Amino acid sequence: MSLDYVKFTPGFGKFMPKEYRDMVEHGPFGKKTTVSQVGTFKEIMEEHPMCAGCAMTLFIRLAFIALPNPEDTIMVGTAGCGRLAISQAAVPFVYGNYGDQNGVASGLSRGLRLRFGDQPKDVVVMAGDGGMADIGFSCTLHSWFRQEKFTTIMLDNEVYGNTGGQESGMTNKGQVLKMAPLGKKFEKMDMLGMAKVAGCAYVATVVPNNPRRVESVIKKAVLIAREVGPTYIQAYTSCNIEYAIPTDQVLQDCKDVENDRYQFTEYISDEAKEHLSTLYGYKEYLPKPVAAVTKG
Amino acid sequence: MYLVANIDQEICAATSCRLCTQYCPEANTIQYGTELGKDKGFKYGSAYVSVDRCKGCAQCVWVCDNMAKHKAIKMEMIDQIGDQALTENISYHEKNTTAVLASPWKS
Ligand SMILES: Cc1ncc(C[n+]2csc(CCOP(=O)(O)OP(=O)(O)O)c2C)c(N)n1
Ligand code: SF4
Ligand code: SF4
Ligand code: SF4
């Protein structure tokens, strides 16, 4: 976990596959690459078996580009579609049992702090809505209540995509799915509200059809989690298979859902604002100068 | 045979908006060559597709048609495209990539 591991053993470079050489020589490690530069540097995500046109794939791709220090990051995931792509990138990936990802990440981030002190090592959990809000619910909530300092990203496709279409707590009420033929009986869980109640320092919702916004929220969430407290991003990442969305309409669907019920929201605590402005130069969070009151 | 995205470089190089590169779900697939089209008088280059990575979802077509409004991308049968970019022929440079275009069908 450092720039030291992103280089060739002397003499071996020429034997490495082209994709690997490109990644070492033209990847984002040690540089500040951005979403607007894509197409000109080698991204650290490689080929993977997620479905063609899956919005979750696009989101994961953008997330890897957005990581402030990919060479100092560990991703944690669990069963579900996302791990098929998250595991195919040049960032260490820890795969827990289904649902225990926030427990694993808690231990990992504490261990990294003990080992590396103030040197930032980022832990980022990315897992499906089922893994996070159903099976992993207690691990997720408890990590927030305990104020564990890492980022949790929910890949919310509003269904168990990987196992063929069961409803999850994040499915909308009334939704009929292959394995929920009568329609879901209760409301979508308010994980955003729970994240705030449990004390997350940063909570945001995004859809992948705004790549620069995805980049911006992930950067902030990771930087805040370094010192302030837990951060949570909930991303709408439709499952075009289970929701029968033609692949060339996936972005239209993202747009429609964003306008309908997944508008961009961002909550950021005062401590997190101060942290971003003093340590990372976020001018928008500098304290507003108090306007001089002139008495007439 | 199967469909992959094919970018008309003359239409693309006329504006070079770089939108589709940000929306393709697959990494390292739509590349950007700042030199492409310069021989035809275009200034800022064009996007192109590394066809061996393209999964044929046509999201880039939606982006170019509806967001960029340039209509530069069409889905075409891979054996009908002629010279194409393949991962093995792509080189990265400062702020640019270049590809030696080759037909996978001719040896
Ligand atoms: C303990 C346990 N129970 C069940 C499974 C089977 N399983 C694998 S993936 C999955 C569903 C994943 O759904 P979600 O977390 O929403 O992610 P998605 O695939 O939709 O991205 C299930 C139930 C498992 N791997 N482990
Ligand atoms: S099953 Fe759904 S969520 Fe999973 S990869 Fe396919 S489209 Fe994406
Ligand atoms: S969206 Fe269209 S015009 Fe813009 S870079 Fe892509 S192909 Fe070129
Ligand atoms: S068709 Fe899909 S995978 Fe292929 S280049 Fe376009 S967006 Fe990318």
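## Arg18(B) and the model

Arg18(B) is placed in the loop of chain B that runs between helix 1 (9-15) and helix 2 (20-23); helices (H or I, at least four residues) and strands (E, at least two) are DSSP runs, numbered from the N terminus. Its relative accessibility is 23%, so Arg18(B) counts as partly exposed, a class that falls between buried (under 20% relative accessible area) and exposed (over 50%), with a 1.4 Å probe and protein chains only. The phi angle of Arg18(B) is near 65 degrees, a positive value in a residue other than glycine. Most residues other than glycine have a negative phi.

This is a predicted model, in which local features need pLDDT of at least 70 and side-chain atom pairs count only at pLDDT 80 or more, while totals for chains, interfaces and linings use all residues. Residues are numbered from 1 along each chain as its sequence is written, chains are lettered from A and ligands numbered from 1 in the order in which they are written, and side-chain values use heavy atoms, with hydrogens and water left out.

## Other sites in chain B

Arg53(B) belongs to the loop between strand 3 (46-49) and helix 3 (59-68) of chain B. Because its relative accessibility is 5%, Arg53(B) counts as buried. Its side chain makes a polar contact of 3.2 Å with the side chain of Thr87(B). A polar contact is a pair of N or O atoms within 3.5 Å; within protein, one must be able to donate a hydrogen and the other to accept it, and residues adjacent in sequence count only if both atoms are side-chain atoms.

Met67(B) is part of helix 3 of chain B. With a relative accessible area of 34%, Met67(B) is partly exposed. Met67(B) and Thr15(B) are 52 residues apart along the chain, and their C-alpha atoms are separated by 13 Å.

## The helix 6 to strand 4 loop of chain A

Gln147(A) is located in the loop between helix 6 (137-145) and strand 4 (151-156) of chain A. Its phi is near 60 degrees, a positive value in a residue other than glycine. Gln147(A) has 34% relative accessibility and therefore counts as partly exposed.

Glu148(A) also has its place in the loop between helix 6 and strand 4 of chain A. At 4% relative accessibility, Glu148(A) counts as buried. The side chains of Glu148(A) and Arg110(A) are joined by a polar contact of 2.5 Å.

## Two buried loop residues of chain A

Thr237(A) occupies the loop between strand 6 (231-236) and helix 9 (250-260) of chain A. Its relative accessible area is 0%, so Thr237(A) is buried. Between Thr237(A) and Arg110(A) there are 127 residues of sequence separation and 30 Å in space, C-alpha to C-alpha.

Val91(A) is in the loop between helix 3 (83-86) and strand 2 (93-95) of chain A. Val91(A) is buried, with a relative accessible area of 3%. Its C-alpha is 23 Å from that of Tyr280(A), which is 189 residues apart from Val91(A) in sequence.

## Ligand 1

Ala, Val, Leu, Ile, Met, Phe, Trp, Tyr, Cys and Pro count as nonpolar, Asp, Glu, Lys and Arg as charged, and the others, Gly among them, as polar.

An N or O atom in the side chain of Tyr98(A) is 2.8 Å from an oxygen atom of ligand 1. Backbone N or O atoms also approach oxygen atoms of ligand 1: one of Gly130(A) at 2.9 Å and one of Asn162(A) at 2.9 Å. Taken alone, ligand 1 exposes 590 Å², and the protein buries 71% of that (areas by the Shrake-Rupley method with a 1.4 Å probe).

The residues around ligand 2 include Met50(A), Cys51(A), Cys54(A), Met56(A) and Cys81(A). Asn157(A), Gly161(A), Cys239(A), Asn240(A) and Ile241(A) are also among them. The shell divides into seven nonpolar, three polar and no charged residues.

Around ligand 4 there are 13 residues, of which Cys24(B), Cys54(B), Cys57(B), Ala58(B) and Cys60(B) are the closest. Nine residues of this shell are nonpolar, two are polar and two are charged.

Technical notes. A residue is near a molecule or strand if one of its heavy atoms lies within 4 Å of it.
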